[in-house]
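Morning, everyone. Please bring up the model on your screens. I'll take you through it briefly.

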Amino acid sequence: MSSKEKKVKKKKTVRKADIILIVGLIIIALPFCVLGWFLISAQLASGKPNLGDRYANDLDPSITSSEQKDIEKDVKNIDGVEDVNVELTTATLRVYVDISDSAVETDAVSIANQTYDKVVNVLSPSIYFSQHDNMKMYDLEIHVYNLDKDRENENFVYVIKLKNSNMDESTIQTVSKAKDEALAQQLRDDVEAKNNPQQDDEGDITVGSGETEDTPSETNDDSQEEE
């Protein structure tokens, strides 16, 4: 065999070894590449709702960003409104309306109703907020409140006007006022008593709803007497 033939044979052997090495490296690296792709995809999708096919073939027609801006502009023109924020989350249109701090419940209810009228002037409730043709559609929530930064204030008012797609008519409720004030006050008193227990003359601590527990000093005294 000539030297030239030996060189050709050697090159073929080297190329074959290189190919085997490259294929082996690809096989080893492939799982890591796939894992890295999943990790990067998960990181990019972090914080976004995973809707899947929940609303496939539903929400038609959809609510556009332009329509949301029109609603926000119209609601801002209502007397007594200080700020408006319109959000579309999944299948719910939420309109948050901050009104004057001096507003009372009747003002909040009136503005909630006016806001609803502004919304349905842009988005027909029979189309956007009502189920039809076996299709899921949007829900509407209108939140009207005063004293947003001072919710413990006795003058705080919060009203919600709601229209779900499976409801024939909208409903409105003042959620800042308890339906059963006596029960609500009892619950507040119980929480206050539990958070701030009072010790009576006999050494017992009242923890709420008439419940008492012995103080540590009294327990220690009883133990010493038994000894």
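Predicted model: local features only at pLDDT ≥ 70, side-chain atom pairs only at ≥ 80, totals over all residues.

**A walk through the sheet**

β1 pairs with strand β2, residues 92-99, and the sense is antiparallel. There are 8 bridges between β1 and β2. As background, strands of a sheet pair through backbone hydrogen bonds, and the sense can be parallel or antiparallel.

Now zoom out to the sheet. How many strands does this open sheet have, and in what order? It has 5, ordered β1-β2-β3-β4-β5. The pairing is mixed. Which strands are at the edges? They are β1, residues 81-89, and β5, residues 171-174. Each of the two pairs on one side only. From one strand to the next, the twist averages 15°.

Next, the helices on this sheet. Helix α2 covers residues 65-76 and packs on the sheet. It touches β1 and β2. The direction of α2 makes about 160° with that of β1. Then look at helix α3, residues 105-122. It lies across β1, β2, β3, β4 and β5. Relative to β3, helix α3 runs at about 145°.

Let's move to a single residue, Ser130. Where is it? In the loop between α4, residues 125-128, and β3, residues 139-145. Is Ser130 buried or exposed? Its relative accessible area is 18%, and the cut-off for buried is under 20%. So Ser130 counts as buried.

What does its side chain meet? A polar atom of the Ser130 side chain lies 2.9 Å from the backbone oxygen of Pro125. The Ser130 side chain also makes a polar contact with the side chain of Lys163, at 3.4 Å. Pro125 and Lys163 come up again in the contact list. Setting aside neighbours within four places in sequence, Ser130 is in contact with Pro125, Met137, Lys163 and Ser165.

Last, the whole chain. It has 6 helices and 8 strands. Along the sequence, the pattern reads α-α-β-β-α-α-β-β-β-α-β-β-β-α. There are 227 residues, and 25% of them are buried. The accessible surface comes to about 16400 Å². Carbon and sulfur atoms account for 50% of that surface. And the contacts? Take those between residues at least 6 apart in sequence: 49% of them join residues at least 24 apart.

That's the tour. Over to you for questions.

Key
Residues numbered from 1 in each chain as written. Heavy atoms only, no water. Helix = DSSP H or I, 4+ residues; strand = E, 2+ residues; numbered from the N terminus. Buried < 20%, exposed > 50% of the residue type's maximum accessible area, 1.4 Å probe, protein only. Polar contact = N/O pair within 3.5 Å; in protein donor to acceptor, adjacent residues only side chain to side chain. Contact = heavy atoms within 4.5 Å. Areas by Shrake-Rupley, 256 points an atom, 1.4 Å probe, with all protein chains shown as cover. Pairing = 2+ DSSP bridges. Axes fitted to C-alpha atoms, helices over the stretch in contact; angles between N-to-C directions.
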